[in-house]
Amino acid sequence: MDLFLYLFSSILILIPIFILISQYVNKGIFVFIIIVSTYLSYNAVASVLFSLVSLRITPISLAIFNIVLAGLMYLLLRRKQIRYEKGRVSFDKIDWYTIILTLCISSYFFIYLYSTKIDLKFLTTDPSVHFIFSKYFSETGELLLTFNELMGYLHMSSYPFLAYVNTGIWMGMTDSIEAKFMIYLISNFILFFLIILAVYSIYKKLVNEVDYMQATILIGAASIGYNLNSIIFGFTSQLAGIFIALVLILICDLKWSSWAKIIFMSLNLIGLFYAYYYFIPAAIISLLISNSIQTPNMKWTAMLKALVGKQNIFISLITITFGGIYLFILNKSEENGNVSSIKLEGFIYRELYSDYKPYLLFAVLALFIWFKNRINPTVFISVMIYNVFAVCVFLFGMAGEASSYYFYKNYYLIENLLIILFCFGLYYVKKSNVKMLYYSYILVLVFLAINTFFIDEPVQKNNNLFNIEIERNLTKVQDFNKKIPANMELSYTKVQRQFMEQIAANRDVFVGDHHYIPVVGNLLQQLWFYSYTEIWPKYGSTELRGIYEERVLDYGKWKVDSDKNPYIILLNNYDEWLTKEQVNLNDFETVYEVEGAVLIKYIK
């Protein structure tokens with residue numbers, strides 16, 4: 001019933017949004033990603049409004065809100081005599097090709113990373129955090145800003161919430177932990193899919209015509225680099241932020257009425273604020289500058305006047321107001337969450353510049369073309385502003401005031417923009433008098449791709465004297481994405497996740513008044529156990545961040561603790577712990593066991 005009502009209300013509110021967008025945009029792919037981005041942002045804004053009046057955010061409460069708002073929008077559209085003209089919005093063959101190819105690539109990478117058995121494999125601790133935030137929101141209907149009982153994550157109360165709100169809404173329609181886990185996994189790949197479509201849409205708006213070769217190169221380049229790396233690392237909020245940041249570039253370049261542009265730019269900027277506010281400074285600057293350039297040969301005085309015009313002022317004030325509500329009114333955290341954490345280091349892929357080398361020649365050519373012709377400014381201005389922002393963070397980092405972790409966060413968005421410029425440069429060459437250069441470059445790419453994926457390794461395995469050293473034709477990030485997943489340590493199989501569900505379902509028996517249960521496993525296994533079951537380790541008043549440190553059970557101290565929980569969970573490869581701690585399993589009985597996980601009870 002919850003699912004049906006929420007879906008029905010979502011359709012009701014998306015119809016007037018679609019009708020409104022269709023008055024200004026007739027390309028189906030553009031309309032689709034703008035609707036999705038706007039709806040993700042709308043859900044985040046609705047959650048803030050609910051929190052301001054202390055209402056729980058559930059599929060049912062959102063459905064009621066959607067129905068009421070949809071009714072008001074229908075009345076407004078009718079009053080303004082705004083109607084949808086049949087056939088106005090359409091998809092062309094290249095759009096469908098792009099959608100199908102991107103869907104196939106997304107599905108392939110899903111199986112490549114998690115296998116058909118859906119194993120839990122991630123490189124970092126981040127996914128367990130995103131999962132528990134979404135799961136917690138689905139069960140409480142509260143933002144962590146306003147209501148947070150997650151002891152290990154009190155310091156992250158102001159963490160960006162757009163991703164966990166939208167994922168949590170769908171999680172709220174099921175009681176199964178495994179189903180919630182699947183929703184989280186799939187949500188990452190939906191964002192990956194949407195980012196590729198957004199990159200394609202910006203490029204299509206730039207060149208107006210796209211052939212199958214251009215679409216394939218664009219999709220391929222955007223799929224195997226930093227976007228895939230975000231999936232491997234589990235940067236869910238970052239994925240959401242990149243998607244909305246890209247859609248904002250498209251929105252800025254389309255022709256709208258003044259009030260429609262204010263609505264869609266403001267709502268999506270607020271969405272970016274709630275998704276990943278790290279990108280907000282560069283996003284606002286680049287979009288407001290682009291919004292001020294109304295004609296190719298516009299004078300500087302006129303541009304400066306437009307920069308402080310009513311439209312830009314309205315967009316800025318609305319964005320800052322809702323951002324302030326988020327960070328300063330709703331946020332009750334003494335530490336103010338991650339707002340001042342730009343100095344904190346973290347685990348991230350790092351490579352200073354070599355990953356950009358394949359794109360630089362034609363990307364720089366594209367910038368020269370823009371300087372000469374002043375065409376569609378937003379993507380060009382955005383790539384420069386985001387790079388300037390990255391350079392500023394780099395300089396702060398050199399002075400010890402910013403971390404390399406946050407510096408390299410910029411690369412995940414900038415690569416998408418460089419790929420768009422790279423493909424535009426190729427397109428320009430194709431349309432010019434040096435068309436043969438374009439085809440020569442394509443043939444070289446095809447040659448290198450065939451060797452990399454189909455020839456190098458098979459030849460070396462058959463007789464390494466014919467190919468002594470495999471040439472790296474991939475960029476470092478692409479090579480990283482190819483090799484690392486195969487070597488990532490498996491955290492939990494589906495059977496082991498069912499094991500955790502059993503522990504959670506029988507919490508009163510296995511945990512009781514002890515509030516926790518010792519887990520013998522690596523850091524990722526421990527974090528996922530806490531997130532999956534919400535059975536937390538012991539904490540002192542000063543060790544909230546201790547959850548990110550691997551806890552090795554001191555068996556000697558545990559054994560003499562009169563208040564100990566007699567149950568212990570042993571996960572894969574626990575023999576080393578048994579030997580090191582001199583544990584005699586004869587002192588225990590096996591209570592519950594599956595492959596790779598066992599629950600034992602101390603009986604001596």
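Trp370 is buried, and Phe380 is buried as well (buried means under 20% relative accessible area, exposed over 50%, and partly exposed in between, with a 1.4 Å probe and protein chains only). The model is predicted, so local features need pLDDT of at least 70, side-chain atom pairs count only at pLDDT 80 or more, and totals for chains, interfaces and linings use all residues. Residues are numbered from 1 along each chain as its sequence is written, and side-chain values use heavy atoms, with hydrogens and water left out.

A pair of aromatic rings is described by the distance of the centres and the angle of the planes. Rings of Phe, Tyr and Trp (its six-membered ring) pair if their centres lie within 6.5 Å; planes under 30 degrees apart count as stacked, over 60 as edge-to-face and the rest as tilted. The count by this rule is 71 aromatic pairs. Trp370 and Phe380 form a stacked pair, with 5.7 Å centre to centre and 5° between the planes. Trp370 belongs to helix 15 (residues 357-373) and Phe380 to helix 16 (residues 377-398), so the pair ties together parts that are 10 residues apart in sequence. Helices (H or I, at least four residues) and strands (E, at least two) are DSSP runs, numbered from the N terminus.

Charges also sit over rings. The rule requires NZ of Lys or CZ of Arg within 6 Å of the ring centre and within 35 degrees of the ring normal. The charged end of Lys409 sits over the ring of Phe235, 3.6 Å from its centre. Lys564 lies over the face of Trp558, and the distance to the ring centre is 5.5 Å.

Helix 9 (residues 226-233) is mostly covered, with 8 of its 8 residues buried. Among them are Tyr226 and Phe233. Glu351 is found in the loop between helix 14 (310-330) and helix 15. Its relative accessible area is 17%, so Glu351 is buried.

In soluble globular proteins, nonpolar side chains tend to be buried together. A nonpolar core is a set of buried Ala, Val, Leu, Ile, Met, Phe, Trp, Tyr and Cys residues joined through side-chain atoms within 4.5 Å. The largest such core has 192 residues, of which Phe133, Phe161, Tyr274 and Phe529 touch the most other members. A second, separate core of 13 residues includes Tyr555, Ile568, Leu570 and Trp577.

Strand 4 (residues 597-602) is mostly covered: 5 of its 6 residues are buried. Strands pair if DSSP finds at least two bridges between them. Strand 2 (residues 567-571) runs antiparallel to strand 4, joined by 5 bridges. Here Ile569 stands opposite Leu599. Strand 3 (residues 588-594) is also antiparallel to strand 4, with 6 bridges. In that pairing, Thr590 stands opposite Ile600.

Strands 3 and 4 form a hairpin with 2 residues between them, and Gly596 in the turn has a positive phi of about 90°. Gly596 is partly exposed, at 26% relative accessibility. Not counting residues up to four places away in sequence, Gly596 touches Gln496, Leu570, Leu571 and Asn572. Gly596 and Asn565 are 31 residues apart in sequence and 22 Å apart in space, C-alpha to C-alpha.

Conventions
Contact = heavy atoms within 4.5 Å.
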